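Subject: Structure handover

Hello,

I am passing on the structure we spoke about. Please find it below, with notes after it.

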Amino acid sequence: MMDATLVQVDKNLTEAMRILGDGQRELEERTASRTSIPAPLQGDGQDIASVLELVHSLIHEKEEGEDKPSLQRMHNVGEQGHMALLGHSLAAYISMLDRERLRKLTTRILSDTTLWLCRLFRYENGSAYFHEDDREGLVKVSRLVINARYEEYASEGYAVFSSKQPVIYQSASCRPGLGQHVCNQLGLPLSSLCTVPCNTLFGSQHQMDVALLDKLIKEDTESGKLPLLLIANAGTAGTGHTDKLGRLRDLCDQYKMWLHVEGVNLATLVLGHVNSAIMVATKSDSLTLTPGLWLGLPAVTAVTLYRHEDPALSLAAGLTSSQPVEKMRALPLWLSLQYLGYSGIVQKIRHATDLSHQMLQLLNSVTSIKTLVEDELCSSVVLLKFLEISAASSGGSMEAYCAGEKELFDALNRWLGEQLAQMVPTSGVDVVELEDEGTCVRFSPLLTAAALGTQHKDVDDLVEKLSELVPMMTSTICFRQDFKEETNRHSPYLRYIDELSWPGLGVVRYEPQTVGIDDTRKMKEIKKINSELLKKLQDLDTDVVFSSDSELEREGKWGCIFVGMVAEDVDVSQLVDTIATLGQDIEENGRLLENMTEVVRKGIQEAEQELLKANEEKLMEEGMLRQLPLVGSVLNWFSPVQTSLKGRTFNLAAGSLDSTEVTYSTKAQAGRPLMKDSPTLSSKRLQGQRLFRRSGAGSDSYSESSSIEQAEETTASIHAPEEDSHVACQGIPEEGIHDSCVQKHDQTEAEALLEERKPECQEAQQSGG
């Protein structure tokens with residue numbers, strides 16, 4: 001019978017994975033608030049469900065800037081992943097066994113896993129070192145070589161390096177920081193690290209230059225240094241290219257150097273047919289494998305296979321250990337390999353390589369895309385980039401793109417990779433920066449397919465989306481120069497911002513024509529107008545995306561509007577005209593309301609003076625007795641007096657005070673005629689029609705008269721005070737205030753000022769009555 005504890009461990013793990021993976025459940029407010037700040041340890045403790053709920057909340061916690069908590073799920077944790085996670089739980093349980101039973105069990109697990117891996121990857125008579133950091137195996141191997149080449153190292157330590165300094169050679173295309181990490185861990189100076197350039201004339205530009213390496217080794221030997229170790233690639237980190245391992249093996253034998261190989265293409269060693277360039281890796285002195293990435297196994301250690309006959313030196317280097325806990329690192333991989341079996345392992349690797357070949361075949365039919373795979377049979381990494389342009393399809397100009405062309409295409413390929421990753425997330429594509437090729441899109445199914453569950457349909461979808469994006473990128477580049485010329489045509493209102501790192505039509509900024517103000521106020525005015533202009537552009541019914549970029553604003557390019565990708569039927573002239581007209585409307589409305597506020601203030605002051613003067617005239621006309629509260633009422637009852645005091649109305653359009661005699665004689669305040677809605681493009685366009693499209697450019701394109709009319713809005717009038725007030729405002733003519741709803745804040749300020757002055761005017765009237 002199975003141990004009840006083992007059954008319970010598996011049950012608890014299954015339940016924990018179910019709780020942690022359930023991202024759709026709504027988080028409680030108390031849990032969210034509790035996870036935001038550290039809380040003291042509770043005295044009575046909590047049950048397992050409560051602790052798992054806390055972990056769940058931390059995983060799906062709302063990030064800064066998000067509207068709602070994220071619902072990220074774990075990557076395709078299938079049955080094989082469950083076995084790997086179970087291995088970590090069992091390792092804790094097994095560690096509680098008695099020492100002798102624990103030693104036998106860990107030895108069996110370690111020997112089984114080592115044997116299986118050596119047979120799978122065709123590495124005969126090898127030993128295995130399991131490590132969490134995939135760089136740690138190389139560090140241990142380097143320490144082993146130092147102990148082997150410097151016989152007095154164990155007793156004298158680093159003093160032995162004074163006679164012959166060790167040298168470690170690596171390719172320029174190695175993982176960034178790998179050689180520096182090895183030197184730091186070994187206590188070696190960086191002068192002990194020699195980076196060998198890649199080929200420049202013949203062969204792949206990502207392969208180590210073997211002839212130059214031979215020359216460097218000879219120079220170091222002649223100068224009294226000791227060539228110690230060579231790090232070669234079987235699938236570089238960025239491009240997946242493989243060094244000429246056969247020639248490097250011969251060179252290492254000649255100079256008695258240790259050859260260490262790593263790379264993603266080592267996974268193909270498990271297949272029935274292996275490329276000869278990769279097969280040479282089985283003759284290396286050591287190689288590092290990452291089966292967790294290749295097979296989709298979470299939290300599985302990396303493995304370094306090596307050959308060495310002296311177990312004492314291996315123990316001194318830390319490659320072997322007598323501690324059972326160290327050997328337990330192999331348990332998750334031991335369980336997973338047994339679950340998958342030989343056929344399951346081979347099937348996963350073959351599936352990933354088939355995805356790469358499918359991707360390469362489909363990309364041959366996509367124009368303007370360049371692939372950077374030089375050996376399709378050897379490399380499993382597909383690199384692609386948007387490069388070629390056909391200006392004839394859009395009719396745009398292609399001039400003035402020699403300078404800064406690389407920066408522009410780097411931005412476009414970065415945008416392309418981000419879009420593809422969002423559209424087809426299961427494809428696992430990402431963006432890489434290469435020194436020679438620039439920015440590229442990388443498809444490496446050996447590293448991502450097992451975890452994401454990538455299928456052949458995902459590759460079809462990926463190429464389909466790529467085919468949709470390429471024409472848009474082509475037309476955008478073709479129209480960039482036209483956009484620049486159209487923007488310069490509207491100078492000085494529009495200013496073209498030359499920003500090659502923006503993957504879109506271009507960057508523009510509206511600059512108001514202000515004089516006599518300092519730079520700080522001018523900058524605030526530009527930011528304010530462009531912010532309102534951006535909101536208006538984003539509200540238009542168009543496929544063109546308008547946005548801002550806070551990162552570039554920090555670089556001094558503030559108050560800019562970024563125009564995104566455009567289709568081949570875009571009308572650039574109409575687009576720029578709309579931007580300029582909307583900006584001018586916002587600027588004019590702002591000035592009008594600023595002037596109107598000043599006119600209102602002056603008009604109210606004049607109205608107050610007129611009312612005070614009329615009140616004095618009333619006093620002289622009626623006499624003092626009628627001003628007394630009780631006596632005045634009696635006199636007015638016996639002998640009513642017909643007052644000649646009239647109110648005043650303030651005409652905002654004319655900026656003048658008029659009498660309210662006509663207003664009160666008709667019992668209605670003279671108001672402005674109601675505005676009729678301005679005709680807009682939305683009322684003229686047919687259903688489905690979009691702005692900024694040329695007539696006849698596509699099946700869904702329509703003829704449009706102007707895009708400026710859509711920007712016009714109904715003018716909102718400033719309301720007059722109540723009917724019994726002596727200070728009233730006549731209506732504002734339609735041509736007086738245009739699109740005043742944009743400046744609602746300033747209008748409200750004017751109304752508030754009227755209401756503030758109104759009681760004072762009424763009080764003056766009452767005192768006069």
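The notes below go from the whole chain to single residues.

This is a predicted model, in which local features need pLDDT of at least 70 and side-chain atom pairs count only at pLDDT 80 or more, while totals for chains, interfaces and linings use all residues. Residues are numbered from 1 along each chain as its sequence is written, and side-chain values use heavy atoms, with hydrogens and water left out.

**Confidence and overall make-up**

The mean pLDDT (the predictor's confidence in each residue, from 0 to 100) is 77 for the protein chain, and 68% of its residues reach 70 or more. Residues 23-35 have pLDDT below 50, and this stretch makes 22 contacts in the model beyond near neighbours in sequence; a contact means heavy atoms within 4.5 Å. Residues 757-769 are also below 50, with 24 contacts beyond near neighbours.

The protein chain has 25 helices and 18 strands. These are DSSP runs numbered from the N terminus, with helices being H or I of at least four residues and strands E of at least two. Of the 769 residues in the protein chain, 48% are buried. Buried means under 20% relative accessible area, exposed over 50%, and partly exposed in between, with a 1.4 Å probe and protein chains only. Among contacts in the protein chain with a separation of 6 or more, 72% are between residues 24 or more positions apart.

**Nonpolar cores**

In soluble globular proteins, nonpolar side chains tend to be buried together. A nonpolar core here is a set of buried Ala, Val, Leu, Ile, Met, Phe, Trp, Tyr and Cys residues joined through side-chain atoms within 4.5 Å. The largest one has 67 residues, and the members that touch the most others are Y169, L213, L230, V261, L266 and L331. Helix α15 (residues 331-363) supplies the largest share of this core, 10 residues. Another core, of 30 residues, lies apart from it and includes L384, W415, V441 and M473.

Leaving aside neighbours within four places in sequence, Y169 contacts a set of residues that includes C194, V196, L213, L216, D220, P227, L230 and M257.

N233 is in strand β4 (residues 226-233) and is buried, at 3% relative accessibility. Not counting residues up to four places away in sequence, N233 touches S171, S173, C174, H241, T242, D243, L245, V261 and E262. V261 in that list is also one of the residues named above for the largest core.

**Cysteines**

A search of the whole structure finds 0 disulfides, a disulfide being a pair of cysteine sulfur atoms within 2.5 Å. For C174, the closest cysteine sulfur is that of C198, at 8.6 Å, which is too far for a bond. C174 is buried, at 8% relative accessibility. C118 is buried too, with a relative accessible area of 9%.

**Aromatic rings**

Rings of Phe, Tyr and Trp (its six-membered ring) pair if their centres lie within 6.5 Å; planes under 30 degrees apart count as stacked, over 60 as edge-to-face and the rest as tilted. The count by this rule is 9 aromatic pairs. Y153 and F161 form a stacked pair, because their ring centres are 5.9 Å apart and their planes are at 25 degrees. Y153 is buried at 14% relative accessibility, and F161 is buried at 12%.

The charged end of R307 sits over the ring of Y123, 3.7 Å from its centre. The rule for this is NZ of Lys or CZ of Arg within 6 Å of the ring centre and within 35 degrees of the ring normal.

**Loops and backbone**

Most residues other than glycine have a negative phi, and most peptide bonds are trans. R122 has a positive phi of about 55 degrees although it is not a glycine. R122 lies in the loop between α5 (99-120) and β1 (127-131) and is partly exposed, at 32%. K256 also has a positive phi, near 55 degrees, and is placed in the loop between α10 (245-255) and β5 (258-262). K256 is exposed, at 63% relative accessibility.

A cis peptide bond joins S491 and P492, with omega about 10 degrees. P492 is in the loop between α18 (456-489) and β12 (494-497).

E309 is in the loop between β7 (302-306) and α13 (311-317) and is exposed, at 81% relative accessibility. E309 and N125 are 184 residues apart in sequence and 9.9 Å apart in space, C-alpha to C-alpha.

Regards
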